[in-house]
Amino acid sequence: MGARTETNKGLEIEHTPSSNFAKEIEAEPGGEGISKCIQCGICTASCAVSSFSDRYRPRQLIQKIIIGKRDEVLQSDLPWLCMTCRLCEERCQEGVSPAEIFQAVRHIATREGHIPEVFKSTAEKALSDGWLLGDAYSDFIEDDRDDLGLDTDLGWDNEFTHRLKKKYFSGGEGD
Amino acid sequence: MTEAETGTDTAAEAPRIGVFVCMCGHNIAGTVDVEAVAKMAETLPYVAFSTTTMFMCADSGQQLIKDSIKEHSLNRVVVASCSPRMHEPTFRRVVEEADVNRYLFDQVNLREHVSWCHMRQPEEATEKAKDLVRMSVARAALLESLPVKSVEVEPTALIVGGGVTGMRAALDIGDRGFNAILVEREKKLGGQIAKLASVYPTGEQGNTLADQLIKRVKTHDKIEVMTESTVTDLDGYIGNFDVTVTTNDADKTHRVGTIIVATGIQPFKPHGYYSYGDHPDIITLAELEEMRLKGDVLRPSNGKPPKTIAYIGCVASRESGVKGHEHCSRVCCTAIAKSAGELKDNADEIIILYEDLRTYGKGHEEIQREARTKHVIYSKFPPEKKPRPEIVDGELVLHWHDVFSDDNLILKPDLLVLASAMVPPEGSEDVSKVFSLTRSPDGFFNPEHVKLAPLTTHTAGVMIAGGAQAAKGAAESITDASGAAAKAVGLMARGEVEIEATVSRVIPELCSSCHTCISACPYNAIAMDESQDPPVALVTEAKCHGCGTCAAACPSSAIMMLHSTDDQILAMVEAYLCAPMEPDGGAA
Amino acid sequence: MTDYFVYTGCTTPVRLPAYEAATMAVLKHLGVNAHHMKDVNCCGAQYIESLNRSAFAAMSGRILAIAERFGKDVIAICGACSGSLKHVKHMLDTEPDLKAEVNEILAEEDLEYTGKVEVKHLLQILRDEVGYDAIRRAIVQPYNGVKLAAHYGCHVTRPAEIVQVDDPEVPRSIDDIIEACGGDAVDYAGKVRCCGGPMLAMDEKVATAIGSEKITNVKAAGAKGIVTACVFCNIQLTQVQFGEGGEPKDRIPVLTLPQFMGAAMGIDEETLGMPLNKISPDVLLEFAHRIESKVIRREQEAKR
């Protein structure tokens, strides 16, 4: 898939472009728009994360998918840096949603075991407790709720999420 | 040639000049004290009447001129107003309607040359205005009436080039009842489009489109087709051209009224670019189309179908500083997209390496989208670091950098297709000489004005259309063709065309037969009159543009410029330098 | 009017209980019958959503199915929840295979999603069910023209075709409610941009930078406070003002929409949970004449 050529400058990695990864993304729900991208850049210009990050560029990431850099993309944390604010989707003139495409990438990455730690641990919390902030529900907050006249028993159900965990995430996040 | 004497013969009468100063609303009057200028004009020799008005070109202003001519028996008119480029024809018509010859009229530019460029200096501007009016009055006193001439237009058009452009023009002309002679140097009609397997946006074979035109052209009773022919000589002038067409060494002369040059474009063979010529699998887009026309697309090296194809755009186009290759060839981006989309069905990977993408026309964006939908990969390379082909053990290896993914890429294409530049065809130099056409740096023929007159040239009666004018596709060429044909038909339908009388004239007694004027004239308008002994120079007035080059070049001062004689010009100089003037130098 | 379930999501009950209280109080005041949901789960936004699409659909799908069971539509007050519930509804309504897959799991609890439940964001209820006229009639202590900035958040308005809450580029509903309550809604740079909240998980620095830029832009437009329609945005825009170099006197209050409205409608501060707000909204309440203010008296004297 790639060729390493040694030059006098050192190791120069060259990648051979392939459309296979783009086809794979296209077949994944959410990734259907990948072939519509014309690399105009309006997504990156609109992206709040891009303006404050020196690494994250949605246009660049999409081109990497188009030229088939499967390993690099799936093992990178870049697809997980999208905030899903969807301004790119709103602005894209060709009807592409980079946010949705990166969700599709995340799903494939998850199946192959590449998940950032924070996502893994937070998801685990949601599945075991049924909700995310079980650890944060302190006595003080319970008192606040009482003062406000709100029910202190939050009543979250976790049986359902246990069943989901068994079905979809048994043996470490996999399908 | 017919002559029509218009206006009274004023050679014997003393000049009675009317000076009309226009305020042009605020445009002139806002800076120049027009009243003062008119008042000053009253004092000038031979001025019988001087006035101002708000808008000279308006109906009221025009009527004022006509009425004043009658009331004050004026026989020369000076209008001080906007640029003659704006309203000289208007005012010439006005004085003619009042029976004053149009060449007894002079226009002074107080707007573009005075008020608009000296807006913040009203006093100096007014002085300059007075100077200019004084100069014009001095000239007006010496102006002579000139006959208004017109020439007949032969109702036949010559069309050079039998591609879609030439054929469309011929059909448009023939359909309107005029004769057309279509000259094509190849054996067959059809030009470039007949060499294409698939024409965008519809994907039809080029021949299918060309044949529709060829069939009609060949059976049209007004069109004469001459193949294997070239135009080798051109003489005459608008409405009356004598063209020599050479067919297989046999010459034939035709009299035509108008000419359309539609010599088209040709694809460049990009030797020196991307190792073209070093490997059989590196071909141009044109060569790929020819291959498709003949049959299947196969690798020239081994005859097998290519599974991986790479295209490179902008080859030998848009090269800053490389003469003849600085232009964008316009058709390639869409042609590549079409080609790639069509071949993708039988290939595993197709990559398009581009500098920029210009799929601008009707239906073109859709062609690009279709290619992308089929997973043709588009990869942008930086212009300062173009793709580098390498031949390793007979195998083609392509290296480049993708700008948007910021990656170094490598590919071993089975076929490398170069979309090379569309340039003027072989022999364009000769064509430009025969028809006196100038060429822009990219090699295509110059129109009279790139925006306002893109189909006419500086040679009156000669039009250009299609690829001859600039690199473009078939649809745009055909639009040009119909435009040029309309212009040709316009001339031929009127049957005659007026020619300017402000031309040069040789004084035969002074001519020393030195031929200097002949080499100087840019329009081939002056030649030796062999009927005289010794031969003297003679101007073909219909071809003359009145540029004055011959008069300036003549060492014997044997050439005068009508309407800009030495006396008239020198009078202006004197009027400027030696104010105030007295009639007859003060003797009276 | 129908009865509604208010789906609070994970964050509100714990991190911003005042929002929950104010929502219930204001809806009641305006005649909307809103009930809490019990025995529900996290909507799956962001985390489960990114790991597995079917699991995500099931998480939100269960909430929708429970609402259907009780015959009530759902009001979401968190932007992320609103986005998830609406998005999943769209997925289930348009992908029969996915719907069948989710219903198979739900069947184990005798739950079913058929599609008749509707999901609304709080803004839709206020604009479409209650209406601006009714809101105006309920105002007893208007804000007297104080300049305020509306922050919509991303998941509230985007993707527009699916959530259909408001115009994604030029949204009006919060601005209109601000005006209905007597405030002056200002326009500011980057109005539809994200607050940065979702970025906290992966890169806190970038998240803070995004949120801080919003505060800067809001202040540059002259606004004295921000009105939000999402719990996450509210917490984030409050939190970034406590960062390094942030002076207490420079902080502008960030009010949730029902707190903002409730104060003008005469609901007392305790009920609205105002004392729990990290940045005091007193400056805004002064404008509503709730607290006597030398500032206002001085301004009025200056006008004379």
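This is a predicted model: local features need pLDDT of at least 70, side-chain atom pairs count only at pLDDT 80 or more; totals for chains, interfaces and linings use all residues.
## Domains of chain A

Chain A is divided by the domain assignment into domain 1, covering 2-111, and domain 2, covering 117-168. The centres of these two domains, taken over C-alpha atoms, are separated by 33 Å.

## How the chains meet

There are 2 pairs of chains in contact, and chains A and C share the most contacts. Chain B and chain C, by comparison, have no contact: their closest C-alpha atoms lie 22 Å apart.

Between chains A and C, 59 residues of chain A are in contact with 60 residues of chain C. The area buried between chain A and chain C is about 5200 Å², and carbon and sulfur atoms give 67% of that area. On the side of chain A, Phe52(A), Met83(A) and Phe160(A) supply 13% of the area that this chain buries against chain C, more than any other three residues.

Charged side chains also take part in this interface, where 7 salt bridges are counted between chain A and chain C. In one salt bridge, the side chain of Arg91(A) meets that of Glu169(C), with an N to O distance of 2.6 Å.

## The second largest pocket

The second largest pocket holds about 860 Å³ of space. Its lining consists of 48 residues, and those nearest its centre are Thr11(C), Tyr47(C), Gly197(C), Pro198(C) and Phe232(C).

Which element gives the most to the lining of the second largest pocket? It is H5(C), with 6 residues. Sorted by class, the lining of this pocket has 27 nonpolar, 16 polar and 5 charged residues.

## Backbone features in loops

Pro201(B) is in the loop between strand E8 (179-183) and helix H7 (206-219) of chain B. Pro159(C) is in the loop between H9 and helix H10 (160-163) of chain C.

In chain B, positive phi values occur in residues other than glycine. Phi is near 50° for Ser73(B), a residue of the loop between helix H2 (59-71) and strand E4 (76-81). For Asp249(B), phi is near 70°, and this residue lies in the loop between strand E11 (240-247) and strand E12 (250-256).

Terms used: Residues are numbered from 1 along each chain as its sequence is written. Chains are lettered from A and ligands numbered from 1 in the order in which they are written. Side-chain values use heavy atoms; hydrogens and water are left out. Domain bounds come from an automatic or database domain assignment. On a 1 Å grid over the protein atoms alone, a cavity is a set of points where a 1.4 Å probe fits but cannot get out, and a pocket is an open set with protein on both sides within 12 Å along at least five of seven lines; lining residues have an atom within 4 Å of a point. Grid points are joined across faces, edges and corners, and a volume is the space filled by probe spheres set on the points. Helices (H or I, at least four residues) and strands (E, at least two) are DSSP runs, numbered from the N terminus. Ala, Val, Leu, Ile, Met, Phe, Trp, Tyr, Cys and Pro count as nonpolar, Asp, Glu, Lys and Arg as charged, and the others, Gly among them, as polar. Contact means heavy atoms within 4.5 Å. Buried area is the accessible area (1.4 Å probe) that two parts lose on being put together, summed over both. A salt bridge is a side-chain nitrogen of Lys or Arg within 4 Å of a carboxyl oxygen of Asp or Glu.
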